[in-house]
Amino acid sequence: MSLPAGLYLSVQRFYAAHMQLLDAGAAEEWADTFTEDGEFVQDKDNGLPRRGRQAIADRMRNAVDRQSGTGVVSRHWIGMLALDPRPDGSVRTDYYALVVRTPRGGGADLHLSTVCQDLLVPDTDSWLVRRRSVSHDGRA
Amino acid sequence: MTQATPAPGETGMGDFEEIQQFYARHMQALDAGDADSWARTLTDGVVFSQNIRPAPRRGRDIVTSRMKETCGDLAARGVTRRHWLGMLDVQPRDERTVDARCYVLVIETPAGGKAAIRASTVCSDVLVHIDGEWLLSSREILHDGTP
(Lines give C-alpha, C1' and ligand atoms only; values in the text may rest on other atoms or scores of the structure.)
Protein backbone atom coordinates (compact mmCIF):
# COMPACT_ATOMS: atom_id res chain seq x y z
CA MET A 1 0.00 0.00 0.00
CA SER A 2 1.43 3.38 -1.00
CA LEU A 3 1.68 6.17 1.51
CA PRO A 4 1.27 9.77 0.29
CA ALA A 5 4.68 11.24 -0.49
CA GLY A 6 6.43 12.69 2.55
CA LEU A 7 3.79 11.63 5.08
CA TYR A 8 5.96 9.13 6.95
CA LEU A 9 8.85 11.58 7.38
CA SER A 10 6.44 14.34 8.42
CA VAL A 11 5.02 12.18 11.21
CA GLN A 12 8.50 11.02 12.30
CA ARG A 13 9.62 14.64 12.56
CA PHE A 14 6.52 15.55 14.56
CA TYR A 15 7.17 12.76 17.07
CA ALA A 16 10.83 13.71 17.46
CA ALA A 17 9.94 17.31 18.33
CA HIS A 18 6.96 16.23 20.47
CA MET A 19 8.96 13.82 22.64
CA GLN A 20 11.88 16.22 22.99
CA LEU A 21 9.45 18.77 24.49
CA LEU A 22 8.13 16.12 26.87
CA ASP A 23 11.60 15.02 27.98
CA ALA A 24 12.71 18.64 28.43
CA GLY A 25 9.91 19.05 30.96
CA ALA A 26 8.07 21.58 28.78
CA ALA A 27 4.66 20.27 29.87
CA GLU A 28 2.59 23.19 28.57
CA GLU A 29 4.34 23.41 25.19
CA TRP A 30 4.01 19.64 24.89
CA ALA A 31 0.30 19.78 25.72
CA ASP A 32 -0.10 22.44 22.98
CA THR A 33 0.71 19.68 20.47
CA PHE A 34 -2.62 18.07 21.41
CA THR A 35 -5.89 19.43 20.05
CA GLU A 36 -7.96 21.59 22.43
CA ASP A 37 -10.27 18.62 22.95
CA GLY A 38 -7.43 16.11 22.92
CA GLU A 39 -7.67 12.92 24.89
CA PHE A 40 -4.90 10.91 26.58
CA VAL A 41 -5.58 7.52 28.10
CA GLN A 42 -3.16 5.05 29.67
CA ASP A 43 -4.04 1.58 30.85
CA LYS A 44 -2.11 2.26 34.04
CA ASP A 45 -4.75 4.90 34.87
CA ASN A 46 -7.30 2.11 34.60
CA GLY A 47 -8.44 3.57 31.33
CA LEU A 48 -9.50 6.90 32.83
CA PRO A 49 -8.85 9.44 30.07
CA ARG A 50 -7.44 12.95 30.51
CA ARG A 51 -9.63 15.18 28.37
CA GLY A 52 -8.68 18.57 27.04
CA ARG A 53 -5.38 20.32 26.63
CA GLN A 54 -5.40 21.84 30.13
CA ALA A 55 -6.02 18.52 31.88
CA ILE A 56 -3.26 16.94 29.82
CA ALA A 57 -0.88 19.80 30.63
CA ASP A 58 -1.72 19.74 34.35
CA ARG A 59 -1.10 16.04 34.68
CA MET A 60 2.20 16.22 32.82
CA ARG A 61 3.29 19.28 34.84
CA ASN A 62 2.70 17.25 38.03
CA ALA A 63 4.72 14.32 36.68
CA VAL A 64 7.56 16.59 35.52
CA ASP A 65 7.74 18.42 38.85
CA ARG A 66 7.77 15.15 40.80
CA GLN A 67 10.59 13.80 38.65
CA SER A 68 12.71 16.95 38.63
CA GLY A 69 13.07 16.63 42.38
CA THR A 70 14.63 13.19 42.03
CA GLY A 71 17.33 14.12 39.51
CA VAL A 72 16.21 11.36 37.16
CA VAL A 73 16.22 12.13 33.44
CA SER A 74 13.75 10.32 31.17
CA ARG A 75 14.06 9.89 27.41
CA HIS A 76 11.19 8.64 25.25
CA TRP A 77 12.22 6.62 22.20
CA ILE A 78 9.64 6.08 19.48
CA GLY A 79 9.91 3.37 16.88
CA MET A 80 8.11 0.74 14.82
CA LEU A 81 5.86 3.48 13.44
CA ALA A 82 3.02 2.47 11.12
CA LEU A 83 0.55 4.90 9.58
CA ASP A 84 -3.06 4.55 8.52
CA PRO A 85 -4.03 7.77 6.70
CA ARG A 86 -7.75 8.55 6.63
CA PRO A 87 -9.71 10.26 3.84
CA ASP A 88 -10.38 13.27 6.08
CA GLY A 89 -6.64 13.96 6.36
CA SER A 90 -6.24 12.54 9.86
CA VAL A 91 -3.73 9.75 10.44
CA ARG A 92 -3.98 6.88 12.83
CA THR A 93 -0.56 5.80 14.07
CA ASP A 94 0.56 2.61 15.77
CA TYR A 95 4.02 2.68 17.37
CA TYR A 96 6.20 1.48 20.20
CA ALA A 97 7.64 3.78 22.85
CA LEU A 98 10.45 3.02 25.28
CA VAL A 99 11.34 5.08 28.32
CA VAL A 100 15.02 5.14 29.23
CA ARG A 101 15.88 6.59 32.64
CA THR A 102 19.19 7.86 33.96
CA PRO A 103 19.55 8.76 37.62
CA ARG A 104 21.87 11.65 38.55
CA GLY A 105 25.38 10.21 38.63
CA GLY A 106 24.10 6.81 37.52
CA GLY A 107 23.84 4.61 34.44
CA ALA A 108 21.05 4.69 31.90
CA ASP A 109 18.52 1.90 32.17
CA LEU A 110 15.50 0.73 30.25
CA HIS A 111 12.54 1.69 32.42
CA LEU A 112 9.41 0.89 30.44
CA SER A 113 8.21 -0.63 27.18
CA THR A 114 4.87 0.49 25.75
CA VAL A 115 2.71 0.21 22.68
CA CYS A 116 0.78 3.31 21.60
CA GLN A 117 -1.91 4.43 19.23
CA ASP A 118 -2.63 8.03 18.24
CA LEU A 119 -5.03 9.88 16.04
CA LEU A 120 -3.18 12.83 14.49
CA VAL A 121 -4.87 15.72 12.71
CA PRO A 122 -3.07 18.11 10.35
CA ASP A 123 -2.06 21.51 11.71
CA THR A 124 -0.44 23.84 9.15
CA ASP A 125 2.68 21.88 8.17
CA SER A 126 2.69 19.65 11.24
CA TRP A 127 0.28 17.64 13.39
CA LEU A 128 -1.72 17.71 16.59
CA VAL A 129 -2.68 14.70 18.69
CA ARG A 130 -6.45 14.32 18.96
CA ARG A 131 -6.30 11.04 20.82
CA ARG A 132 -3.56 8.94 22.40
CA SER A 133 -3.76 5.61 24.09
CA VAL A 134 -0.75 4.04 25.81
CA SER A 135 -0.50 0.46 26.97
CA HIS A 136 2.31 -0.54 29.33
CA ASP A 137 3.88 -3.94 28.67
CA GLY A 138 3.90 -6.31 31.61
CA ARG A 139 0.92 -4.92 33.47
CA ALA A 140 0.05 -7.85 35.69
CA MET B 1 5.37 17.85 -2.43
CA THR B 2 7.24 16.43 -5.41
CA GLN B 3 9.91 13.81 -5.08
CA ALA B 4 12.84 13.23 -7.39
CA THR B 5 12.34 10.08 -9.42
CA PRO B 6 14.97 7.56 -8.33
CA ALA B 7 17.46 6.45 -10.96
CA PRO B 8 17.15 2.82 -12.04
CA GLY B 9 18.66 0.64 -9.30
CA GLU B 10 18.23 3.30 -6.58
CA THR B 11 15.87 2.95 -3.68
CA GLY B 12 13.60 5.98 -3.76
CA MET B 13 12.52 7.88 -0.67
CA GLY B 14 9.01 6.52 -1.14
CA ASP B 15 10.30 2.95 -1.12
CA PHE B 16 12.35 3.59 2.04
CA GLU B 17 9.31 5.00 3.85
CA GLU B 18 7.17 2.08 2.74
CA ILE B 19 9.80 -0.42 3.85
CA GLN B 20 9.85 1.20 7.32
CA GLN B 21 6.06 0.89 7.36
CA PHE B 22 6.35 -2.75 6.24
CA TYR B 23 8.72 -3.54 9.12
CA ALA B 24 6.49 -1.76 11.64
CA ARG B 25 3.45 -3.82 10.63
CA HIS B 26 5.53 -7.03 10.36
CA MET B 27 6.95 -6.73 13.88
CA GLN B 28 3.70 -5.43 15.40
CA ALA B 29 1.94 -8.54 14.09
CA LEU B 30 4.75 -10.80 15.38
CA ASP B 31 4.76 -9.24 18.83
CA ALA B 32 0.97 -9.31 19.08
CA GLY B 33 1.00 -13.01 18.20
CA ASP B 34 -1.17 -12.26 15.15
CA ALA B 35 -0.03 -15.19 13.03
CA ASP B 36 -2.44 -14.56 10.13
CA SER B 37 -1.34 -10.96 9.67
CA TRP B 38 2.32 -11.90 10.11
CA ALA B 39 2.08 -14.70 7.56
CA ARG B 40 0.75 -12.22 5.02
CA THR B 41 4.05 -10.31 5.21
CA LEU B 42 5.99 -13.39 4.05
CA THR B 43 6.47 -14.96 0.63
CA ASP B 44 5.33 -18.52 0.13
CA GLY B 45 8.88 -19.82 0.00
CA VAL B 46 10.28 -17.62 2.79
CA VAL B 47 13.48 -18.90 4.45
CA PHE B 48 14.52 -18.10 8.02
CA SER B 49 17.97 -18.89 9.32
CA GLN B 50 19.78 -17.95 12.54
CA ASN B 51 23.44 -18.25 13.41
CA ILE B 52 22.39 -19.95 16.66
CA ARG B 53 20.43 -22.69 14.86
CA PRO B 54 21.96 -25.29 12.60
CA ALA B 55 19.25 -25.57 9.97
CA PRO B 56 17.11 -22.98 8.20
CA ARG B 57 13.31 -23.11 8.29
CA ARG B 58 11.70 -23.02 4.85
CA GLY B 59 8.23 -22.09 3.74
CA ARG B 60 5.55 -19.80 5.08
CA ASP B 61 3.57 -22.55 6.81
CA ILE B 62 6.55 -23.96 8.71
CA VAL B 63 7.87 -20.54 9.67
CA THR B 64 4.42 -19.38 10.81
CA SER B 65 3.85 -22.56 12.76
CA ARG B 66 7.12 -22.00 14.64
CA MET B 67 6.10 -18.41 15.28
CA LYS B 68 2.84 -19.56 16.84
CA GLU B 69 4.74 -21.95 19.14
CA THR B 70 7.06 -19.17 20.27
CA CYS B 71 4.21 -16.72 20.85
CA GLY B 72 2.28 -19.35 22.77
CA ASP B 73 5.28 -20.04 24.96
CA LEU B 74 5.76 -16.33 25.70
CA ALA B 75 2.07 -15.91 26.52
CA ALA B 76 2.14 -18.92 28.82
CA ARG B 77 5.08 -17.39 30.68
CA GLY B 78 3.39 -13.99 30.82
CA VAL B 79 6.17 -12.32 28.84
CA THR B 80 5.54 -9.48 26.37
CA ARG B 81 8.16 -9.31 23.63
CA ARG B 82 8.85 -6.32 21.39
CA HIS B 83 11.16 -6.28 18.38
CA TRP B 84 12.72 -2.83 17.96
CA LEU B 85 14.25 -2.32 14.53
CA GLY B 86 16.59 0.45 13.53
CA MET B 87 19.70 1.42 11.62
CA LEU B 88 17.97 0.18 8.46
CA ASP B 89 20.11 0.09 5.34
CA VAL B 90 18.37 -0.76 2.07
CA GLN B 91 20.21 -1.65 -1.13
CA PRO B 92 18.28 -2.52 -4.29
CA ARG B 93 19.10 -5.76 -6.11
CA ASP B 94 16.74 -5.19 -9.01
CA GLU B 95 13.50 -3.36 -9.71
CA ARG B 96 11.47 -5.40 -7.26
CA THR B 97 14.05 -6.80 -4.80
CA VAL B 98 16.07 -5.17 -2.05
CA ASP B 99 18.61 -6.28 0.51
CA ALA B 100 17.60 -4.77 3.83
CA ARG B 101 20.04 -4.98 6.72
CA CYS B 102 18.98 -3.70 10.12
CA TYR B 103 19.59 -3.97 13.84
CA VAL B 104 16.86 -5.56 15.92
CA LEU B 105 16.73 -5.36 19.71
CA VAL B 106 14.50 -7.86 21.46
CA ILE B 107 12.94 -6.31 24.55
CA GLU B 108 10.95 -8.37 27.02
CA THR B 109 8.72 -7.42 29.93
CA PRO B 110 7.51 -10.12 32.28
CA ALA B 111 4.04 -9.67 33.76
CA GLY B 112 4.41 -7.39 36.76
CA GLY B 113 8.10 -6.99 35.99
CA LYS B 114 10.58 -4.66 34.38
CA ALA B 115 11.40 -4.27 30.69
CA ALA B 116 14.87 -5.43 29.71
CA ILE B 117 16.90 -5.94 26.56
CA ARG B 118 16.94 -9.66 25.89
CA ALA B 119 19.01 -9.78 22.72
CA SER B 120 20.84 -7.61 20.22
CA THR B 121 20.70 -8.96 16.68
CA VAL B 122 21.41 -8.06 13.08
CA CYS B 123 18.92 -9.10 10.41
CA SER B 124 19.98 -9.51 6.81
CA ASP B 125 16.75 -9.66 4.86
CA VAL B 126 15.68 -9.90 1.24
CA LEU B 127 12.40 -8.12 0.50
CA VAL B 128 10.43 -8.40 -2.71
CA HIS B 129 7.77 -6.03 -4.04
CA ILE B 130 4.78 -8.01 -5.31
CA ASP B 131 1.35 -6.60 -6.25
CA GLY B 132 2.05 -3.32 -4.51
CA GLU B 133 3.24 -4.86 -1.23
CA TRP B 134 6.63 -5.59 0.26
CA LEU B 135 7.09 -9.18 1.43
CA LEU B 136 9.89 -10.92 3.28
CA SER B 137 11.61 -13.49 1.11
CA SER B 138 14.47 -14.47 3.41
CA ARG B 139 15.99 -13.55 6.76
CA GLU B 140 19.34 -14.37 8.37
CA ILE B 141 19.53 -13.46 12.04
CA LEU B 142 22.90 -12.92 13.70
CA HIS B 143 22.77 -12.87 17.51
CA ASP B 144 25.43 -10.59 18.93
CA GLY B 145 27.70 -12.25 21.46
CA THR B 146 27.31 -15.77 20.04
CA PRO B 147 30.11 -17.75 18.40
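Student: How many aromatic pairs does a search of the whole structure find over all chains?

Tutor: The search finds 8 aromatic pairs. This is a predicted model, in which local features need pLDDT of at least 70 and side-chain atom pairs count only at pLDDT 80 or more, whereas totals for chains, interfaces and linings use all residues. Residues are numbered from 1 along each chain as its sequence is written, chains are lettered from A and ligands numbered from 1 in the order in which they are written, and side-chain values use heavy atoms, with hydrogens and water left out.

Student: Why is the aromatic pair of Phe34(A) and Phe40(A) called stacked?

Tutor: Rings of Phe, Tyr and Trp (its six-membered ring) pair if their centres lie within 6.5 Å; planes under 30 degrees apart count as stacked, over 60 as edge-to-face and the rest as tilted. The centres of Phe34(A) and Phe40(A) are 6.0 Å apart and their planes 15 degrees apart, so the pair is stacked.

Student: What makes Phe34(A) and Phe40(A) count as buried?

Tutor: Buried means under 20% relative accessible area, exposed over 50%, and partly exposed in between (1.4 Å probe, protein chains only). Phe34(A) has 0% and is therefore buried; Phe40(A), at 12%, is buried as well.

Student: Which charged end sits over the ring of Phe40(A)?

Tutor: That of Arg132(A), 6.0 Å from the ring centre. The rule asks for NZ of Lys or CZ of Arg within 6 Å of the ring centre and within 35 degrees of the ring normal.

Student: What is known of the surroundings of Phe14(A)?

Tutor: Phe14(A) is found in helix H1 (residues 7-23) of chain A; helices (H or I, at least four residues) and strands (E, at least two) are DSSP runs, numbered from the N terminus. Its relative accessible area is 6%, so Phe14(A) is buried. Leaving aside neighbours within four places in sequence, its contacts (heavy atoms within 4.5 Å) include Leu120(A) and Trp127(A). Phe14(A) and Trp127(A) are 113 residues apart along the chain, yet their C-alpha atoms are separated by 6.7 Å. Phe14(A) also forms one aromatic cluster with Tyr15(A) and Tyr95(A).

Student: How do you know that Arg25(B) and Asp94(A) meet in a salt bridge?

Tutor: A salt bridge is a side-chain nitrogen of Lys or Arg within 4 Å of a carboxyl oxygen of Asp or Glu. The distance here is 3.2 Å, N to O, so the pair qualifies. Across the interface of chain B and chain A the rule finds 3 salt bridges.

Student: What area is buried between chain B and chain A?

Tutor: About 2400 Å², of which carbon and sulfur atoms give 56%. Buried area is the accessible area (1.4 Å probe) that two parts lose on being put together, summed over both. Glu17(B), Gln21(B) and Trp84(B) supply 28% of the area that chain B buries against chain A, more than any other three residues.

Student: Why are strands E3 and E4 of chain B said to pair?

Tutor: Two strands pair if DSSP finds at least two bridges between them. Strands E3 (residues 79-94) and E4 (residues 97-110) of chain B are joined by 13 bridges, so they pair, running antiparallel. They form a hairpin with 2 residues between them, and Gly86(B) has Tyr103(B) as its bridge partner in E4(B).
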